[in-house]
Amino acid sequence: MTTRVTLIRGDGIGPEVVNAAIRCVEATGAGVEWESMEAGAGAIPTHGAPLPDVTVQSIRTNRLCLKGPLATPVGGGYRSVNVALRQEFDLYANLRPAQSFAGLVTRYEGVDLVVVRENTQGEYSGIEHYIDPTKSAAEAISIITRFGCDRIIRFAFEHARAHGRKKVTLVHKANILKMTSGLFLQVGREIAEGYKDIAFTDIIVDNCAMQLVRDPTRFEVIVTTNLFGDILSDLAAGLVGGLGLVPGANIGEDVAIFEAVHGTAPDIAGKGIANPTAAILAGAMLLDRIGQKERGGRLELAVRRVIARGKELTPDLGGRGSTESFADQIIRELAS
Ligand code: NAD
C-alpha cells in the first residue's frame with residue numbers, strides 16, 4: 001500500500017534536511033509517494049504567492065504533508081505561511097517531543113517530555129493592527145475559546161494515556177491574563193476530573209521556564225497556549241541538544257503536517273552542514289501516523305544509534321560531518 005504525501009522542501013536549509021529525510025524514510029521500505037509542492041519565499045517567483053492554491057489543494061487531497069521550514073519576514077511583509085496553514089486546515093494540536101539522546105553531552109540526562117501546544121488561537125490569531133494613522137501604537141487580540149481549550153487539553157490527556165504518560169502539566173499566565181489564560185486553566189481543571197488515572201498540575205509560565213531549566217525530568221506532558229508553547233518547546237529543544245534535533249507534528253481532525261521545530265537557519269543554509277535529525281524524526285512521526293509504526297520506530301532507533309556512535313555528526317553536535325554523511329550513516333544503520 002502506497003500513501004501519497006504532499007512534500008514541501010521549504011526555504012533555507014529546508015531542501016537539504018528534507019532531502020535527507022526522504023532518503024531515510026524511503027530506506028525503511030515505507031510505501032510513500034511524494035507529491036512535491038512549493039510554499040514560502042521560494043514559491044513567490046514561480047507562483048506569485050508564498051502559499052499557492054495548488055499547494056493548499058494538494059494538502060487537502062492527501063491530508064498528509066512533510067514540510068521543510070518556511071521563511072517569514074520579520075516585522076512587515078507577508079503573513080506567516082505556517083500560521084496560515086495551521087488555520088486553513090485547523091491544525092489545532094502542535095506536538096513537540098523533546099527526548100534526551102544517548103551520546104550527546106547536555107546538562108541533563110533522561111529528559112522525556114512532550115509539549116502539546118494549542119496551534120490556532122491566542123496571540124497568533126492574526127488579529128493585529130495599528131491604532132492610529134501615524135503607527136505609533138499597535139494592538140493584538142488574543143482569542144481563546146472554551147471549544148479551543150477543550151479540544152487541545154483533551155488531546156493532551158488522550159496523548160498521555162496512549163503513550164503511558166502519568167502526568168499532564170498545564171502552563172498558563174492566569175494570574176495576569178485572568179480571562180484568556182484564566183479560561184484555559186479553568187477548562188483544564190474541569191477536563192482533568194475525567195482523567196483520574198493521570199496526575200494534573202498547573203504552573204505559571206515564567207515559573208515553568210525556570211523549573212524546566214532546573215529540572216526538566218519532572219515534566220512529562222506540557223499542555224499550553226500558542227505563544228507559550230512556541231517558546232517552551234524551543235527551550236525544551238535546547239535542553240536535549242538543540243533545534244536541529246526536535247521534530248513536530250501539526251494535527252487537526254482531517255490533516256496532519258510534519259516538520260522540524262527549527263526554522264530556515266539562514267546562517268548555515270547552502271553549506272550542507274544542517275543537522276537532518278529533526279526532519280528525519282518528523283518523517284518517523286509521519287510513518288507512525290500512516291500506520292507504519294514499525295518502520296517509524298526503526299527509523300528513530302537508527303537515528304539514535306548514529307548519534308550515540310558520535311561519528312561524523314554535523315557541526316551543531318560538535319562533529320565535522322555533513323547533512324549527507326549523517327543521512328548516509330542512518331541509511332546504513334537501517335540496512336544492518
Ligand atoms: P532557526 O531555527 O532558523 O535558527 C536558529 C539557530 O539554530 C540558528 O543558529 C541555526 O543555524 C540553528 N539551527 C536551526 N536548525 C538547525 C539545524 N537543522 N542544524 C543545525 N543548526 C540549526 O530560527 P530563526 O533564525 O529564528 O528563524 C529563521 C527563519 O525561519 C525565520 O524566517 C523564521 O520565521 C523561520 N522559521 C520557520 C519555522 C517553520 O517553518 N516551522 C520555524 C521557526 C522559524
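**Close-up views of a predicted model**

View 1. Glu333 is found in helix α11, which spans residues 323-335; helices (H or I, at least four residues) and strands (E, at least two) are DSSP runs, numbered from the N terminus. This is a predicted model, in which local features need pLDDT of at least 70, side-chain atom pairs count only at pLDDT 80 or more, and totals for chains, interfaces and linings use all residues. Residues are numbered from 1 along each chain as its sequence is written, and side-chain values use heavy atoms, with hydrogens and water left out. Glu333 counts as buried because its relative accessibility is 13% (buried means under 20% relative accessible area, exposed over 50%, partly exposed in between, with a 1.4 Å probe and protein chains only). Apart from neighbours within four places in sequence, Glu333 is in contact (heavy atoms within 4.5 Å) with Ala302, Arg305, Val306 and Arg309.

**View 2. Thr224 in a strand.** Thr224 belongs to strand β10, residues 221-224. With a relative accessible area of 0%, Thr224 is buried. A polar atom of the Thr224 side chain lies 2.9 Å from the backbone oxygen of Val171. Leaving aside neighbours within four places in sequence, the residues in contact with Thr224 are Val116, Arg117, Glu118, Val171, Phe184 and Gly229.

**View 3. The nonpolar cores.** A nonpolar core is a set of buried Ala, Val, Leu, Ile, Met, Phe, Trp, Tyr and Cys residues joined through side-chain atoms within 4.5 Å. The largest has 89 residues, and those with the most contacts inside it are Trp34, Ile153, Val223, Phe258, Leu299 and Ile330. Helix α9 (residues 277-289) supplies the largest share of this core, eight residues. A second, separate core has 15 residues, among them Val56, Ile59, Ala84 and Leu85.

**View 4. Leu299.** Beyond its neighbours within four places in sequence, Leu299 is in contact with Cys24, Val25, Thr28, Ile280, Gly283, Ala284, Leu287, Ile330 and Leu334.

View 5. The ligand is surrounded by 21 residues (each with a heavy atom within 4 Å), the closest being Leu70, Asn82, Gly263, Ala265 and Asp267. The shell divides into ten nonpolar, seven polar and four charged residues. Oxygen atoms of the ligand lie 2.8 Å from a backbone N or O atom of Leu70 and 2.8 Å from a polar side-chain atom of Asn82. A polar backbone atom of Asn275 is 2.9 Å from a nitrogen atom of the ligand. Of the 810 Å² of accessible area that the ligand has on its own, the protein covers 69% (Shrake-Rupley method, 1.4 Å probe).

Key: A polar contact is a pair of N or O atoms within 3.5 Å; within protein, one must be able to donate a hydrogen and the other to accept it, and residues adjacent in sequence count only if both atoms are side-chain atoms. Ala, Val, Leu, Ile, Met, Phe, Trp, Tyr, Cys and Pro count as nonpolar, Asp, Glu, Lys and Arg as charged, and the others, Gly among them, as polar.
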